[in-house]
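Please keep the sequence and the model open while you work through them.

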Amino acid sequence: MAKKLLLGDEAIALGAIHAGLSGVYAYPGTPSTEITEFIQGNAIARERGLHSRWSTNEKTAMEAALGMSFMGKRALVCMKHVGLNVCADPFVNSGMTGVNGGVVVLVADDPSMHSSQDEQDSRFYGKFALIPTFEPSNQQEAYDMMEVAYAYSERIKLPVLMRVTTRMAHSRAVVEVKDEPSKENALNYDAIAANWVLLPANARKRNDFVTAQQAQLEEDAVSSQYNKYIEGTDKKLGILASGIGYNYVMECFPTQCPYTILKVSQYPLPKQLVRRLMDECQEVLIVEEGQPFIEDMVRGVGDLKNIHGKLDGTLPRTGELNPDIVKKALGMESGECFDPCADVAPRPPALCQGCGHRDVYTALNEVLKEFNNPRVFGDIGCYTLGFLPPFRAIHSCVDMGASITMAKGAADAGQWPAVAIIGDSTFTHSGMTGLLDAINENADITVIISDNLTTGMTGGQDSAGTNKFEAICRGLGLSDEHLKVVVPLPKNMPEITQIIRDEINYHGTSVIIPRRECMQTLQRHLKQKKAAEKK
């Protein structure tokens with residue numbers, strides 16, 4: 001077997017390719033983006049012609065993956081945790097339809113909210129949807145689990161949720177990989193239509209079947225190679241550690257842990273092993289990254305006084321764990337911590353110099369000085385930094401696509417002016433339906449689609465709607481009279497400010513599209529052009 005130094009995301013991607021993957025479906029979102037990018041650049045994936053183009057959003061990704069599964073092939077769906085909210089409808093229903101070819105839904109959670117709105121724990125979705133969940137504890141497991149997960153998915157005829165966190169996704173380790181990848185599944189027509197057509201009569205039968213299947217899934221978790229009961233010599237304490245939490249525990253004991261450890265990396269929770277740990281140990285510490293998912297369930301199994309974790313304050317309820325935090329919970333002394341110099345000034349994130357979003361906010365702020373109590377509803381993207389100095393230009397940012405619908409709701413309440421600002425990729429992801437609502441009612445809002453010709457915040461991936469926005473807006477019913485395109489440059493400021501002013505004063509739905517390429521992708525494209533010219 002060959003050895004490679006891989007990010008957790010890369011280990012997952014390579015594991016999927018080597019397991020006989022036929023297609024990955026994803027929308028870029030940190031910390032999951034590198035999985036699809038790795039597959040896009042992988043020689044085996046290119047040679048086999050594996051599908052790897054970005055989807056418009058997570059819902060379309062999940063549905064396309066189900067279509068590939070319907071035809072008997074293996075599919076991977078990738079997203080960050082909040083993306084699972086977007087595809088919740090097809091994800092939950094995939095537990096009812098089941099699968100033909102194996103499906104792995106990879107979700108990367110972001111504890112400590114490095115680049116996210118919340119600390120959502122995706123394990124709750126697996127339990128809710130009656131779908132088994134895998135949670136690797138290191139990069140080697142992440143690679144190995146992919147083949148196991150696909151085989152398991154096809155055996156039990158259910159998708160598998162695989163949950164990782166930021167540190168797993170973005171840290172590197174040496175991984176042993178197979179010399180030869182598995183072949184792709186052949187196309188087949190084995191999918192049973194009655195399972196996939198969720199009419200109530202069909203769905204009720206499937207619901208009974210999948211519910212009855214849960215007992216077997218728990219038995220599988222008890223015997224899983226990834227759930228390990230490791231006997232210790234000191235029975236005063238037992239440790240239940242899941243996913244990367246197990247890694248943190250083991251870092252506290254470089255030689256050998258004296259306590260009994262129950263490692264959990266496959267769900268449903270193996271209650272039989274939990275009861276054994278509770279019976280054999282006087283107290284139990286539960287170490288899990290994210291919310292107290294396991295701890296909540298374990299508290300229904302044993303004596304509450306003997307269970308420690310996030311709910312009793314032994315471990316912090318919010319933020320990421322690390323070995324030092326775990327050491328403190330175990331009553332051990334932690335090592336020396338990095339102490340940043342007090343003289344170093346904080347450097348908050350900022351829009352790139354020369355970014356077109358800067359010119360958009362400069363023009364918008366200039367015009368809005370002329371109005372009483374204007375409100376600007378922002379969205380998810382690098383332009384969310386318009387909330388910070390020097391612009392302080394937006395008043396909200398809730399979720400993908402919320403800018404337009406919130407502006408419409410505010411206008412319905414009587415707010416004027418109500419302005420929405422949304423990026424090009426976010427608009428095609430979740431903004432189009434909100435704009436259709438606004439156009440249908442001719443809501444008194446001004447929508448700015450700030451188009452930098454890419455998905456800028458996650459590194460410059462292709463944007464689904466590039467060069468199509470005017471056509472989309474017209475197709476939704478917007479009149480040409482109130483569809484304006486501008487180039488956000490300082491020299492064009494008089495034109496831009498006048499257009500913004502005119503469209504705000506128009507009491508109906510209007511769209512302004514400032515269009516200029518992202519500085520990051522522009523520099524990349526210029527370098528590529530120079531390199532090509534040298535050849």
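**Exercise 1: a pair on helix α20**

The side chains of Glu 370 and Arg 501 form a salt bridge, with their closest N and O atoms 2.8 Å apart. Work out which parts of the chain Glu 370 and Arg 501 tie together.

*Solution.* Start with the ground rules. This is a predicted model, in which local features need pLDDT of at least 70 and side-chain atom pairs count only at pLDDT 80 or more, while totals for chains, interfaces and linings use all residues. Residues are numbered from 1 along each chain as its sequence is written, and side-chain values use heavy atoms, leaving out hydrogens and water.

Next, the term: a salt bridge is a side-chain nitrogen of Lys or Arg within 4 Å of a carboxyl oxygen of Asp or Glu. By this rule the count comes to 27 salt bridges.

Now place the partners. Glu 370 sits in the loop between α16 (356-368) and β14 (375-377) and Arg 501 in helix α20 (residues 493-505), so the pair joins parts 131 residues apart in sequence. (Helices, H or I, of at least four residues and strands, E, of at least two are DSSP runs, numbered from the N terminus.)

**Exercise 2: Arg 163 and its partners**

Find which residues are linked with Arg 163 in a network of salt bridges.

*Solution.* First, Arg 163 meets Asp 109 in a salt bridge (2.7 Å, N to O). Second, Asp 121 also forms a salt bridge with Arg 163, at 3.4 Å between the closest N and O atoms. Finally, the network links Asp 109, Asp 121, Arg 123, Glu 135, Arg 163 and Glu 288.
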